[in-house]
Every structure is written in C-alpha cells, then in structure tokens.
Amino acid sequence: MAEFDPLPTKNESALLPSELLTWTDPAEAGIYAMSIHAPHNLISAAANRTRDYLTARIEPGGAFQDICDSRVLESALYLRLLRMRKTHEHAQQELAAYLYRSRPTTPLDRIARDSAFHRVPVDTAQEFLDSFRHPAGSRKRRVIAAILVALGAPPRTVSDAPPHPQKQAAWTYLSLCAADILTAHSPRRSSARAIHRQLQTARASEVWEGNALAHLLALHALHTVDPLDAFTGAGVEALEKIRNHDGGMPFVSGQEVFVTALAVSALICSGYDRTQLAGCGDFLAVCQLADGGWGYTASTTQSDVDDTARCMEALHALDPARYRDALTRGRRYLRGMASPSGGFPTYVSNHELEADMTAGAIIALAPLSLPATLRAAAEWLVGQQSPDGAFPAAWTIGRTSVAERVLHALSLTGHRAYDDCAGRTIKALLESQNPDGGWGQCLGDTSDVLSTAHAVCAFAHYGCPPKSALDYLVDQQQHDGSYVSPADQVGPRPIPFNYPSLSSIHALRALSTALPFDLDRPSSMSPCPIPAVRLRSASREKRAYLHVHESW
C-alpha cells in the first residue's frame, strides 16, 4: 500500500494522557499491559465463557442465530390491523397481553401502547408530532405522522407532502408511499399501485425486505384504500410467522448478515480457530448483493455501507484469498459510495454523510491500495468531531460506538497527523466514565455492557483501557457466559431496537483485548487493531495489519 503523504499537525498528541504515549511491546512484557490491572485468568475465563456461548449459536449453514426483541410500536400496529380485519383472535389476545405487560420508555411507545387500550387524545399526538425533530426533516416527520394515523392516534394537522427524493432506501420509499395514503384527505390510488409493485418483490410468505415496520405501514395503507386487498391478507400471514414467543412483534424478521459478520470478527479477535468459521464466511459471501454490497439480512435487496464494511472486515479476517472476488466487488461498491468530500452515506450515494459509515469504510478498505480514498475519508472524518471530542451518533443511541469506529479507523492510517483528534476522543471518553467503571449511552446515564464494551475497544486502539472498565465487564457476565444490555441500535432513526446477542459479541471483543498476543507472529493475529499498541506504534500496527492480508 502506498503511504499517505505526511500531514502537518500542531501540538502533536498534546491532549493524550501521558501514560498512553509509551508503547510496551507485548513480546517483551509477556502479556498485555492491561493484564496488570485485572487478573488475567479472570479475563480469559470470562472471554472463554462468552466465546462458548456465541459459537453454540452458529447454525449449520453458517448464520448466527438470534431473534430481534419484540417492540411496542410494531406490536400495536399489528394488533390494530388485526382488529380492523377481525381475524386472528388468538394473536390479538397475545399482542394485547404483551402490550399490557410492556413498559414504554419513549413518547412514541407510550402513544402506541395506549392506543391499544383507549383512544389517544388528539392533542397528545399533535404535541408529539410538533416536538419531533430529526435531520431528515419533513420526510421523517411525515412517516411519523403516518404511524400515528395507523395507530388510531391521528394528529390534528400534517404538513403538505414533500416531493419524494429521486433515490432512497427501499423501506423509506415504501413508508412514504404509505404516508401518502394514510395522511391524505383522499387515498391515492397511484401510491397503492406503487405499494403493490414493491410488495410483489417479496418472497412468498416472507416479510418484505425483512422490515416489519415498513410492511405494516404498507398494509395499513392498503387496508385504507381497499379492506379486501389480497396483499393485506398475505402480509398478515407473513407477519404472523415472525411474531415472538412473548406475543409481540419485532422490528425486523432477521439481522443475520450483520450479526454474523460481527460475531466472526469478535471470535477471531478472541483467538478462535478461523477454519471453524469457514461456514460463516461462505454464508456471508453468498449473501452479497448484485451491486457488490451487503444488506442486514439475507432477504433484503437493499445494500448499505455499514453491513458492507462489517462483512468485508469479517471476510478479510477469515481468508482474503478465499474471498478475493467478494472483497473486490465490495471494494468497488464502497468506492462508488464515497462522496467527493471523502465521507460516506448509509444507503444512497450523495445522501447525508455519516461519521460511523465513513469510519467503517476506512476499516474495510484499509488493506487495499486506495490511499487517495482513505486519506479523503480520514480528513472528512476528523472534520466531524465536535468541540467536546465526540462524534455524532447516527445508528446508535450511545456515542461510544461511533467513538470506537472512528478510533479504529484512524489507528489504521498509521499517521500521527490524527493524534490530536484521537486524543480529544479519548479525553472525552475518560471524562464520561462512570464511578462503577462503565459507560452509559449518554453522559450521566447508568452504565451498560454495550456502551462499556465499545469504550474498552476504543481505548484499545491507542492504549490501555482503564482497569475498572474490565472489572465492570467481568462482573456483568451472566452464568451462561452471555451479557445483557439495553437496546442501542435505532431503526428507523431514532426508534431503538434490540438484538440480545450484540451485547455478548461486543463484550467478547472487548475482553479479548486483554488476552496474550505475540506481535512477532502476524500470521496468527486478528485483523482488529492490536489492543496494546500505543500511539507511537501506529505505523507498526499498520504494517502488521497489512501483513495478515499480504495476498492483497
């Protein structure tokens, strides 16, 4: 790989704690420096238990097994649809019982739950809609208004329909078509025909694109136009198949591509035998879409930068020669998604650029000879840092996730020019740590496993995580080796949803930064940045990372 041109910097590393500026070679120390903080045998035992827990959930076909938790919003929408259709009485009872037991944590969830048992005041719905703010502006607000209408809690007024963007994510388009019907004074037949065209692409008896929320909105819209529409009946049967055992409805039918990619990367970082994960790699390769990208589930046709970057990272780690063709196509996809300014969007080129998407693209492209693309992306990324050292979170509630992705990306550039940026991020993390050693999703929030695991990995890219953080993770482990944490993912933004296995996957990766590792044996190393490497070893880390992928 061609080196980046040196970039000038002021007060290089001035903001980094002094203890992070001295690099200790693990080959000389024998174990990671972190091991002096927490007993190594406790960390190793915890990592092994979590690894065993995760590997037991890999299916014969290579996919990682997990189920999205039920969500109040989809459950309430589905219950109202069944009530309007007067079908599936047993399902109605189970959905109502789930909603009765639920404890809503957001205003929208409270409206959704209340709508199942009594009429929601118009003023309540209007106040929520008026207070809703999101970078997507009127487009997102219109979808929220459509959700309220579908729940039977219509707001008093809805702004005029904005023109649909020429290109957008598949579920955004379907949701806007549904909104055109649900929020209009008279149903639009053209929008109903557009919904029909989209739903025709779904596989028989499957939720469209794996997205239950978008599918439910579409069915509510079709029921408004024609209560006897055949697509509505077929959609109900598909949705009923993914309803959870607790009676509720999840946001999506599966996220197996995304979760499998994360699990593979975490297991390899823990020292797990790559050859035992060949089935996972083959599964991911088969799920690659025609445009060279990946989506979150095997049933979607919508690619995105995040899933593509995660899958490429996993395939790089497993066997770059075996998956050369898939990685080459993924590289083309990511290069095509890059904006002229260097940043990357999530779904569609030239849409809003995201810090975590850009960081993920850098991580995925780091082994390849693309210095111009990487430098432009890194320069754009550094420019997104806020004065407090943090980066804007796009697809998570907490900010430690995006901090980890950014530090991972910058560490792979091998350049001291980004040390000031990294130092401010690390300083922000140190200042937001809770007294119990963990981190919460936002400043002042109670500590949780996911936020803490992301923070530990963030520190590990440039230095040694605090002792108390490892102690916190070890203490939070369940008896079966798993971890439990509040929902951190959001979709559609800003509505949270949860995949339980993600807390265990990220915890394993965090714990693995404390395991022994020999830098002089790059053939056995994982592709994730070497946990004990400090800033002065950035170029050495980059050389080792590339050595693993020398076939590229």
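1. Helices (H or I, at least four residues) are DSSP runs, numbered from the N terminus. This is a predicted model, in which local features need pLDDT of at least 70 and side-chain atom pairs count only at pLDDT 80 or more, while totals for chains, interfaces and linings use all residues. Residues are numbered from 1 along each chain as its sequence is written, and side-chain values use heavy atoms, with hydrogens and water left out.

2. A cavity is a set of points on a 1 Å grid over the protein atoms alone where a 1.4 Å probe fits but cannot get out, and its lining residues have an atom within 4 Å of a point. There are three cavities of 30 Å³ or more, and the largest cavity has a volume of about 120 Å³, a volume being the space filled by probe spheres set on the points. Of the 13 residues lining the largest cavity, Arg310, Glu404, His454, His506 and Arg509 are the closest to its centre.

3. Two or more residues of this lining come from each of α14 (305–318), α18 (400–413), α20 (449–460) and α22 (501–512). Helix α18 gives the most, with four residues.

4. The lining of the largest cavity divides into four nonpolar, four polar and five charged residues. Here Ala, Val, Leu, Ile, Met, Phe, Trp, Tyr, Cys and Pro count as nonpolar, Asp, Glu, Lys and Arg as charged, and the others, Gly among them, as polar.

5. The axes of helix α3 (residues 72–85) and helix α10 (residues 212–225), lines fitted to C-alpha atoms over the stretch in contact, come within 10 Å and cross at roughly 25°. The two helices, α3 and α10, are therefore roughly parallel to each other (angles under 35 degrees).

Methods:
Axes fitted to C-alpha atoms, helices over the stretch in contact; angles between N-to-C directions. Parallel < 35°, antiparallel > 145°, perpendicular 65-115°, else oblique. 1 Å grid on protein atoms, 1.4 Å probe; cavity = no way out; pocket = protein on both sides within 12 Å on 5 of 7 lines; lining within 4 Å.
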